[in-house]
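Visitor: I would like to learn how to read a protein model feature by feature. Could you walk me through one?
Guide: Gladly; let us look at it together.

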Amino acid sequence: MQPVLLGELLALLMFLCTLVAVLAGYPVAFTLAGTALLFAWIGHDLGVFDPALLTGLASRYFGTMVNEVLVAVPLFVFMGVMLERSRLAETLLTTMGELFGRLRGGLGISVVLVGTLLAASTGIVGATVVTMGLLSLPAMARAGYDPKLSAGVICASGTLGQIIPPSTVLIFMGDMLQGANQTAQLALGNFAPEPVSVGQLFAGALLPGLLLAGLYVGWVVVQAVVNPAACPALPLDAADRRRLPRKVLLALAPPLLLILAVLGSILAGIASPTESASVGAVGAMALAAANRRLDLGVLREVMRSTLTISSMVFVILMGASVFSLVFRGLGGERIVEDVLSAMPGGKWGALLLVMALMFVLGFFLDTFEIIFIVVPITAPVLIRLGVDPLWLGVMMGVNLQTSFLTPPFGFALFYLRGVAGRLVSTLDIYRGVLPFVGIQVLCVGLLMAVPALGTWLPERLFAAGPAVPAGGTEAHGAAPATPAAPMEPRSQEFENLFGSEGRPSPRQSPRQPWGPEFENLFGSGRPPGP
């Protein structure tokens, strides 16, 4: 057998073995790294893998440790966990329930609105679903709500934190798309590609996230009209009605101010995501202190939770770096490129295939597992085919929400099952989320049909969009590619250590004097990038 064909066969077999091992229950991070190293050894014995490629891991890990953008991840996690301890969600749910409860479907609408506010301030799906399940599910059951509707709206609203910024998933996605865009543009001969920043991705995901929340509200309204018995109204006495305006103001003001400080500063270009995350962490502590929920014990618990969550995510990232490097060294990227390029419909067929693959993987894998495996492999090929990286990232973000809702391993379903008790059955939870999964798929379809939903706001807030592949059709929301600037022998490690003072702007940043082959094999110093 020809060495090239044998290497590609090993890459495909490695991908399948990794999926089987993950589904069998082995830890994802060690499965990714361990399976990759095993196949690297097999490939070396068969003469189709050069072990010298593994030396590229050092620069990738170093790039992760000094990557300022990724510092925002533990800060946003800290902010979310601290806000959970401050019982912000409890206050919002109680007040919004009283505000909208007089309407048919009002409790369901209040759950969606609170989920949207928590998504823009905490972004932690598990904590949001558990909190709303503990507080809203009993109230909805007492009001006579259909258990399927109650379970579906709680689970779906809790997943909004994955797409509405600030989202830790979008932070990793933005960083990976930046590396994928650089690799794709280098392969096309563009040595000065437009950057894809996390701030741009935040701006691009905002409108689709709000659209998704609006579609959830629309479904509740439809149920209230078609089946009024499924979501009856709640009475509110005169005394509570008089106190309601003040309660609404006191409940909404803190999260809105925090959202304005964090998200507003990013979108306005005042602060980077990392700087805004630090402001959010301090603001969350201030809110907890104002609610008398901050002491040394709470701070210790929040820091421990932040350390646990952040470590879990970054260990998976390290394992995924080994996997992607070995996958490329075996020639797996050629398989992906050949398959996607051969799809009917060109870039649209390739895009549909990748979206379908991510949707199916969402039945079995977690969001971070999917992006760390799929994005580094498929994103460079899609960008070379002419797909706008910013638009691609937003669609992937919306698509990945389904992984929390799709049976049998949707984590939001397990979170609600754990706190629901006898109020709702497991079957009702599964049946209740199906319409919301359909709504999420509909939102992905709307994004594909109307790309401006994901690119219009970044175009207005930022001077220019990502670069257009050389020789290809203009991507949605993209600016023409700029001419290549002179190359300079300055390494990525130098940039990470000493910054870029005295260098041109990012759009004219010189590249290292190596070709796309080196970039494809070793990456560019960015951890999750190809």
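Visitor: Let me start with helix packing: at what angle do the axes of helix H1 and H14 cross?
Guide: Keep in mind that this is a predicted model. The axes of H1 (residues 3-23) and H14 cross at roughly 85° and come within 8 Å. Angles of 65 to 115 degrees count as roughly perpendicular, and therefore H1 and H14 are roughly perpendicular to each other.

Visitor: Which residues make that contact?
Guide: From H1 they are Val4, Glu8, Ala11 and Leu12, and from H14 they are Gly332, Arg334 and Ile335. Sorted by class, the contact of H1 with H14 has 4 nonpolar, 1 polar and 2 charged residues.

Visitor: Let me zoom in on Val4. How far apart are Val4 and Gly332, in sequence and in space?
Guide: Along the sequence, Val4 and Gly332 are 328 residues apart, while their C-alpha atoms are 9.9 Å apart in space. Val4 sits in helix H1. With a relative accessible area of 46%, Val4 is partly exposed; that class lies between the cut-offs of 20% for buried and 50% for exposed.

Visitor: Now H14 and H16. At what angle do they pack?
Guide: H14 (residues 332-341) and H16 (residues 367-384) pack at an angle of about 45°, and their axes are 10 Å apart. That angle makes H14 oblique to H16. As for handedness, H14 passes H16 in a right-handed crossing. On the H14 side the contact involves Glu333, Val336, Glu337 and Leu340, and on the H16 side Ile377, Thr378, Pro380, Val381, Leu382 and Arg384. Those residues divide into 6 nonpolar, 1 polar and 3 charged.

Visitor: Thr378 and Leu382 belong to that H16 group. Where is Leu351, and what is it in contact with?
Guide: Leu351 is found in helix H15 (residues 347-361). Setting aside neighbours within four places in sequence, Leu351 is in contact with Leu382, Val387, Trp391, Leu392, Met395 and Met448.

Visitor: Is Leu351 buried or exposed?
Guide: Leu351 counts as buried, because its relative accessibility is 0% and the buried class is anything under 20%. Another buried residue is Thr455, at 4% relative accessible area. Thr455 has its place in helix H20 (residues 452-461). Thr455 and Leu390 are 65 residues apart in sequence, and their C-alpha atoms are 7.2 Å apart.

Visitor: What does Arg85 touch?
Guide: Not counting residues up to four places away in sequence, Arg85 touches Arg293, Val298, Glu301, Val302 and Ser305. Arg85 itself lies in helix H4 (residues 72-85). Arg85 and Met285 are 200 residues apart in sequence and 9.7 Å apart in space, C-alpha to C-alpha.

Visitor: How many disulfides does the structure hold?
Guide: The number is 0. As for individual cysteines, Cys155 is buried, with a relative accessible area of 0%, and Cys231 also counts as buried at 0% relative accessibility.

Visitor: To finish, how many helices and strands does the protein chain have?
Guide: The protein chain has 22 helices and 0 strands. Of its 530 residues, 56% count as buried. Among contacts with a separation of 6 or more, residues 24 or more positions apart account for 81%.

Methods:
Residues are numbered from 1 along each chain as its sequence is written. This is a predicted model: local features need pLDDT of at least 70, side-chain atom pairs count only at pLDDT 80 or more; totals for chains, interfaces and linings use all residues. Side-chain values use heavy atoms; hydrogens and water are left out. Axes are lines fitted to C-alpha atoms, for helices over the stretch in contact, and angles run from 0 to 180 degrees between N-to-C directions. Helices (H or I, at least four residues) and strands (E, at least two) are DSSP runs, numbered from the N terminus. Angles under 35 degrees count as roughly parallel, over 145 as roughly antiparallel, 65 to 115 as roughly perpendicular and the rest as oblique. A crossing is left-handed if the near helix is turned anticlockwise from the far one by less than a right angle, and right-handed if clockwise. Contact means heavy atoms within 4.5 Å. Ala, Val, Leu, Ile, Met, Phe, Trp, Tyr, Cys and Pro count as nonpolar, Asp, Glu, Lys and Arg as charged, and the others, Gly among them, as polar. A disulfide is a pair of cysteine sulfur atoms within 2.5 Å. Buried means under 20% relative accessible area, exposed over 50%, partly exposed in between (1.4 Å probe, protein chains only).
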